[in-house]
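Please read it alongside the sequence and the model.

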Amino acid sequence: MDEKLYWVWLSLIFNYGNDKPNEILMRYESPEDFYHLTTEQMLELGFLSEKDVKAIKGVSLLRAEKVIKDCKKHQIEIVTIGDNLYPERLKLIYGPPIVLYVQGDILGIDENVAITIVGTRKSSEYTSYATQYLSYHLAQAGAIIVSGCAVGIDTDAHIGALRANARTIAVLGCGLDINYPAENKELKEQILKKGALISELPPGEAATGKIFPIRNRILAGLSLGVLVTHAPERSGSLITVEHAIEQGKDVFCLPPYSIFDPQYAGVIKYLRDGATPVFSVKDILIEYYSTYAHKLDVDKIIGDYILEKRLEGRPAKIRVPKQSEEQPIPKLDKQEQEKILEEYKHANGEIIMSLDEKQILVYNKLTLEPKFIDELSSECNLDVGTILSVLTEFEIMGIVSSYSGRRYALAQ
């Protein structure tokens, strides 16, 4: 019999986020001991209703066995709350997952500065850039970046960490074998090279709208603090911030680009209530340096963005969109484009030499002006899934920039 069997069985009984499994484990060292109780003994515990007991008796060990079998099939590790590998930080939240399904490396999360980055799925070019910038430098300084692997800000957070060749962890709202979101299939593969994918949902369980707010307690629970970079007032990402506040975690906010644009208004309440405004990674890392000095590389903790650009001898400016509108792409004549492309290819010669046949095909169709994925698919005679996979790799490598409407252009 698999030693994880009764743990998986217990995790299948109650709704996700319910604290009753935790209460059971406070009374019984092993879920197997609880499994063998009679209905009367379960009711005598005082916190289980007749409906609860009926649900308990309705979940068979056969169902748990199937989950274990599926995990072996998909090379998913089962980490129980009783295992040494299970993050201690997660044990402290309300309704901690009894079981985590894991692919990749989650060792040592508790010993490191983990920062969760969240935000809207409909990020602007400004916040996409800012998120990748902050994530990159946080990761370069030694922080672990945690996010939810959704499109938008989550993707930018993971890509920033990957560009720093650092560790990032994605907490999913579906089984680890489910291809959701489809656009991030390649991103997940890249994350697994350095970090991990985590879910409390067993294999085969699809993403649903109701699971994401519950999943967000794990995003907050794994980290020391939560950074939100772009959120309208009703953004689901703010649920993660609420979990962070409930758990006593630090809250950081990228100040809104425009106080008149409701697409940036989600952070205002938290800034008024005392959240830390973030203008550079120092605003975040200064909170943890005294405790985690041995884990953070002080030489990599850079200063203000403007100061950095001045030291480089370049203008201290960043192009940003007007309110929620996308930043306009400068129109260049053919001669100017050809000149820039030649400079680009020369500067990135080593990267381009390492590309495979499909990547070169896609690369040669990219321009300085954004193209839709369908357009690239037609020009390259490749399916959209393959194009998305190549473009995700390119974005991580810094070759392309993404724009709204699933458009991509060579990074300038």
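## Surface, burial and fold

The protein exposes about 20,100 Å², and carbon and sulfur atoms supply 50% of that area. The coordinates belong to a predicted model, and the values below are computed from it. Of the 412 residues, 53% count as buried, and among the contacts between residues at least 6 apart in sequence, 68% join residues at least 24 apart. The secondary structure comprises 21 helices and 12 strands.

Nine of these strands form an open sheet with mixed pairing, in the order E1-E2-E6-E5-E4-E3-E7-E8-E9. Strand E1 (77-80) and strand E9 (276-277) stand at its edges with a single partner strand each, so one side of each has no neighbour in the sheet. E1 pairs with strand E2 (residues 99-104) in the antiparallel sense over 4 bridges, and glutamate 77 stands opposite valine 102 in E2.

## Helices packed against the sheet

Helix H12 (residues 237-246) lies across strand E3 (114-118), strand E7 (225-228) and strand E8 (250-253), and runs at about 155 degrees to E7. Helix H11 (residues 211-221) is largely enclosed by the rest of the structure, because 9 of its 11 residues are buried. The buried residues of H11 include Ile211, Phe212, Ile218 and Leu219, and also Arg215, Asn216 and Arg217. Their cover includes helix H7 (88-91), the strands E3, E4 (144-147), E5 (168-171) and E7, and helix H12.

Within helix H9 (residues 153-163), alanine 157 is buried with a relative accessible area of 0%. Leaving aside residues up to four places away in sequence, alanine 157 touches Ile117, Thr131, Ser135, Ile145 and Ser147. Alanine 157 also lies 5.6 Å from glutamine 132, C-alpha to C-alpha, although the two are 25 residues apart in sequence.

## Aromatic pairs

Which residues surround tryptophan 9, apart from its neighbours within four places in sequence? Tryptophan 9 is in contact with Pro31, Phe34, Tyr35, Ile56, Val59, Ser60, Leu61 and Ala64. The structure holds 9 aromatic pairs, and two of them are set out here.

| Pair | Centre to centre | Angle between planes | Arrangement |
|---|---|---|---|
| Tryptophan 9 and phenylalanine 34 | 6.3 Å | 40 degrees | tilted |
| Tyrosine 126 and tyrosine 257 | 5.4 Å | 50 degrees | tilted |

Tryptophan 9 lies in helix H1 and phenylalanine 34 in helix H3 (residues 31-35), so their pair ties together parts that are 25 residues apart in sequence. Tryptophan 9 is buried at 1% relative accessible area, and phenylalanine 34 is buried at 0%. Ring pairs link Tyr6, Trp9, Tyr28, Phe34 and Tyr35 into a cluster.

Tyrosine 126 counts as buried because its relative accessible area of 15% falls under the 20% cut-off, whereas tyrosine 257, at 33%, counts as partly exposed.

How values were computed: Residues are numbered from 1 along each chain as its sequence is written. This is a predicted model: local features need pLDDT of at least 70, side-chain atom pairs count only at pLDDT 80 or more; totals for chains, interfaces and linings use all residues. Side-chain values use heavy atoms; hydrogens and water are left out. Helices (H or I, at least four residues) and strands (E, at least two) are DSSP runs, numbered from the N terminus. Buried means under 20% relative accessible area, exposed over 50%, partly exposed in between (1.4 Å probe, protein chains only). Contact means heavy atoms within 4.5 Å. Accessible areas come from the Shrake-Rupley method with a 1.4 Å probe; for residues, only the protein chains shown count as cover. Two strands pair if DSSP finds at least two bridges between them. Axes are lines fitted to C-alpha atoms, for helices over the stretch in contact, and angles run from 0 to 180 degrees between N-to-C directions. Rings of Phe, Tyr and Trp (its six-membered ring) pair if their centres lie within 6.5 Å; planes under 30 degrees apart count as stacked, over 60 as edge-to-face and the rest as tilted.
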